[in-house]
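Hello,

Here is the structure I promised to pass on to you.

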Amino acid sequence: MSLSSQMVTNIFLLSLVVAYLMTASAGNFYQHIDVTWGGQRAKILDGGQLLTLSLDKFSGSGFQSKNQYLFGRVDMQLKLVPGNSAGTVTTYYLSSQGTAHDEIDFEFLGNSSGQPYTVHTNIYTQGKGNREQQFHLWFNPSIAFHQYSIIWNPRRIIFMVDNIPIRVFNNNEAIGVPYPKRQPMRLYSSLWNADDWATQGGKVKTDWTKAPFTATYRNFNANACVWPSTSCVSTKPLPINGWMYQELDVNDRKKLKWVQKNYMIYNYCTDLRRFPQGVPRECKQYKFL
């Protein structure tokens, strides 16, 4: 066997060991997801490869992951409610339980036909949020599938859309800012009516003549530490678990700057009317958060 072949074999075997220590939940919704509410409004299709959530005038629907995670990378491809989605909210987030819960949030706020979705992001630590950043997207998220990712490691949280970073929240415990690192979280997703606030501050209501509203999911992947196992926390950096040490390189920072310059529509870190006594401490550490 040649040296290069031996190296490939060694890398392959090492990857198998790491894969044993970690859980990479990929693909099949029957194996990795529980429908939690909405009855037949939530459907797993195509042998577990596709999932749809629907909303009508009587109820929305939702699901959660079977596993809990303590750090990881979670990817999902979504195709959001098409047409007039005003009043609807599609959520995709990690969360622990209890009044002092941690949470890492993607929320997609619908809009009237022809108007852009708002991507609402937030981070809760020990039950406290108020860290909202909102964006428009550079594409129509209801026409085709796009990947939305949460990377969560002990150093930072990265929100990504099609592998482009749109937001980073760094661990600033050194200056007294709580950071989610002790509570395991599940993945949750739901589609529900929030026309009292979701679209233009509640001015545009849900048009129920367009119901049912449907969002579609595929290619769920959780490359993550499954609680209560902590085996992967000390694993050395490898491609399979690069998220544990992931940070932004020069190109990533350029992409982040591009998104935040051109598509960010709200940033709590610049809202002096909301924080007249001064913005939160973490806002002073980095230009792009």
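A term first: by a polar contact I mean a pair of N or O atoms within 3.5 Å, where within protein one atom must be able to donate a hydrogen and the other to accept it, and residues adjacent in sequence count only if both atoms are side-chain atoms. Please keep in mind that this is a predicted model, in which local features need pLDDT of at least 70 and side-chain atom pairs count only at pLDDT 80 or more, while totals for chains, interfaces and linings use all residues. Residues are numbered from 1 along each chain as its sequence is written, and side-chain values use heavy atoms, with hydrogens and water left out.

Now the overall picture. The chain has three helices and 16 strands; helices (H or I, at least four residues) and strands (E, at least two) are DSSP runs, numbered from the N terminus. Of the 289 residues in the chain, 52% are buried. Buried here means under 20% relative accessible area, exposed means over 50%, and partly exposed is in between (1.4 Å probe, protein chains only). Taking contacts between residues at least 6 apart in sequence, 67% join residues at least 24 apart, with contact meaning heavy atoms within 4.5 Å.

Eight strands make an open sheet in the order 2-5-14-7-8-9-10-16, with antiparallel pairing; two strands pair if DSSP finds at least two bridges between them. Strand 2 (33-37) and strand 16 (264-267) are at the edges with a single partner strand each, so one side of each has no neighbour in the sheet. Direction ignored, neighbouring strands of this sheet are turned by 15° against each other on average. The angles are taken between axes, which are lines fitted to C-alpha atoms (for helices over the stretch in contact), and run from 0 to 180 degrees between N-to-C directions.

Within this sheet I would point you to H120, which belongs to strand 9 (residues 118-124). Strand 9 runs antiparallel to strand 10 (residues 133-135), and three bridges join them. Which residue of strand 10 stands opposite H120? That residue is Q134, and the side chains of H120 and Q134 also make a polar contact (2.9 Å). H120 has a relative accessible area of 11%, so H120 counts as buried. Beyond its neighbours within four places in sequence, H120 is in contact with residues including D105, F106, E107 and L109.

S65, in strand 5, is another residue to look at. Its relative accessibility is 0%, so S65 counts as buried. A polar atom of the S65 side chain lies 2.7 Å from the backbone oxygen of N67. Leaving aside neighbours within four places in sequence, S65 is in contact with H32, I33, R186 and L187.

On to the charged pairs. The whole structure holds eight salt bridges, a salt bridge being a side-chain nitrogen of Lys or Arg within 4 Å of a carboxyl oxygen of Asp or Glu. Three of them are described here:

- K66 and D34 form a salt bridge whose closest N and O atoms are 2.5 Å apart. K66 sits in the loop between strand 5 (61-65) and strand 6 (69-79) and D34 in strand 2, 32 residues apart. K66 is partly exposed at 36% relative accessible area, and D34 is partly exposed at 31%.
- R131 and E282 form another, with closest N and O atoms 3.2 Å apart. R131 is in the loop between strand 9 and strand 10 and E282 in the segment after strand 16, so the pair ties together parts 151 residues apart in sequence. Both R131 and E282 are buried.
- R156 and E247 form a salt bridge with closest N and O atoms 4.0 Å apart. R156 is buried, with a relative accessible area of 13%, whereas E247 is exposed at 51%.

Finally, the cysteines. A disulfide is counted as a pair of cysteine sulfur atoms within 2.5 Å, and by this rule there is one disulfide. C269 and C283 form this disulfide, with sulfur atoms 2.0 Å apart. The link of C269 and C283 is left-handed, with -75° about the S-S bond. C269 and C283 are both in the segment after strand 16, 14 residues apart, and both are buried.

Best wishes
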